[in-house]
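User: Please take a close look at one part of this model, a sheet and the helices packed against it. Keep to what can be computed from the atoms.

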Amino acid sequence: RKILPPCLLLVPFILQDGIDIYSLTMDSRITSRFAHTTITSHVVNKAERAQEAIFQVEMPQTAFITNFSMIVDGVTYPGELKGKTAPQEKYLLALAKGQHVQILKTTGRNLEQFQVSVNVAPTANVTFELVYEELLKRQLGKYELMLKVQPQQLVKHLQIDIHIFEPQGISSLDTDISFMTKDLEDALTTTQNKTKAHIVFKPSLAQQQEEPGKPDTILDGNFIVRYDVDRTSAAGDIQIENGYFVHHFAPAHLSTLSKNVVFVIDKSGSMAGRKIKKTRAALVKILDDLNPEDHFNLVAFSGRVIQWKPMLLQASKEHLESAKTFLSNTPALGGESTNINEAILIAVRMLDESDRKQQLPAGSVSMVILLTDGDPTEGETKLQKIQENVKALMNGRYHFYCLGFGFNINYAFLEKLALDNGGVARRIYDDSDSDLQLQDFYQEVANPLLTKVEFHYPDDAVEQLTQDSFRVFFKDSELVVAGKLRSQVLDLLSAQVRGQSNTQDVNFQTEVNIMNKEKVFQDPKYTSHNFMERLWAYLTIQQLLEKAVSASGLKQQSLEDRALDLSLNFSFVTPLTYMVVNPPKGQGQSQVAVKPVEIGE
């Protein structure tokens, strides 16, 4: 089955006649999961008249652009980062009025497209360079880097370099290249030792040709690298560089906790056709994956709410077959309204009632998984009131996951619902593989291993920690904490991770020598100076933005102000900043990169 974790995806290409890509390089350096990617394209105008050259790159929504520049006839035109503060409102208003060109937009699945254009005189050349960074997230047991290679023409010098440095040790490493042929095999080389890997793809012009003697390129598709790391310590691995540390925690060999799941399924008319068929198909597979100790129930809703059973039942063979029959008899009915509020509250009350009657296993994890493709139209329809109702009833005891089908949804509403209640929101794309998307999401939360996970370090040793407590840890994922070491000289850094497995308290401890850990990151080929401070800043900004979703008023403003300061200090294009690219004089409008925010239509 296709794995769908966050990835890096690059699509640099030039489409204009007469514009030749002389060289195209993609360089990704991954150190302790932090990926620093540079895309450089040199183009020349071989036409007898001026031509527009377009530089286009696709990247994951979770990545932050850190730098862009273009060199036109020897003159460098850098991108200029600005904060979305009151003095800068004129830029944003001008953008809205079409006076500037927006060069960063949402495209494809979890992707953003960066596109800059510039006029190029005859025989003149341009160099484009884009840099962005992201912390790769472990999902379904792998980290994934994905480069989309679509040069649209033969390129004299084309090279992809991927450097991976994981001090824990690389346990598995695979490449998956959709356009690979026997003739291209010699263009790919992989060298690897215990902690480092270098993947190079450097096809010749002849190897790039779809047919000998013809200009069409065979390079059109995905270049994927997947890997995982060794884990010798149950307490996780601590790395230290230039006064900052990162603690990766993903213990293996823990028993899976029982879970209690209520699936809440939208069956209103808008779900008719492929959506409801794919949803049913996915849920049948998901039910088969339930463990015998798990408890579950199904709630289907349109204008009214239908329950499979009045309470949660154990996932016995008999109950699973009955639930599948219920699903097969749950059509989407055209024209019906949507009562999301009532459906969610019924699901939460089911968990409450089962818990009150002590019908659920001690130490188990309870969750509600909502799948919907639209906004509420019946019962309580005020979005803020629904959010308040759900948060008050859940009261921090259960996890709430929101899956939004397609683009006719208010994604911000679903995201806040989930983040308020210890879960996440995810968009499900209405494609032929939507059932696999649903199953893959379920696999991420199917096997809880620990609850109430807390990281502890000596107060006099660390400061400015990222999130250090987590409600649940799932199999094949990873918890990450970063922070700054205090200024006084320390020889050792100790860490303790506490959590609960079933009803038992568990305690993991580790201690590292700071000087020895600092020595690990001396090789400039695999690490850039201050990369761990940038990792810390990236993670801090992401978490501040998430917290801001669930906050309001002065608290929300305080969180956004902190995230804005960090974004500017570390030159990140985030939802609170934007980048202005000014073209050569007399060559048109300014081009502005404003990071898109997930919304509905």
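Analyst: Phe34 has Leu135 in β10 as its bridge partner. Strand β2 (residues 34-45) and strand β10 (residues 125-135) run antiparallel and are joined by eleven bridges; two strands pair if DSSP finds at least two bridges between them. Helices (H or I, at least four residues) and strands (E, at least two) are DSSP runs, numbered from the N terminus. The model is predicted, so local features need pLDDT of at least 70 and side-chain atom pairs count only at pLDDT 80 or more, while totals for chains, interfaces and linings use all residues. Residues are numbered from 1 along each chain as its sequence is written, and side-chain values use heavy atoms, leaving out hydrogens and water.

Both strands belong to an open sheet of eight strands with mixed pairing, in the order β5-β4-β10-β2-β1-β12-β15-β14. At the edges stand β5 (75-78) and β14 (188-192), each with a single partner strand, so one side of each lacks a neighbour in the sheet. From one strand to the next the twist averages 10 degrees.

Helix α10 packs on this sheet and touches β1 (19-31), β2, β4 (64-72) and β10, contact meaning heavy atoms within 4.5 Å. The direction of α10 makes about 70 degrees with that of β10; angles run from 0 to 180 degrees between N-to-C directions, and axes are lines fitted to C-alpha atoms, for helices over the stretch in contact.

The axes of α10 (residues 531-550) and α11 (residues 553-569) come within 9 Å and cross at roughly 155 degrees. That makes the two helices roughly antiparallel, the term for angles over 145 degrees.

Methods: Angles under 35 degrees count as roughly parallel, over 145 as roughly antiparallel, 65 to 115 as roughly perpendicular and the rest as oblique.
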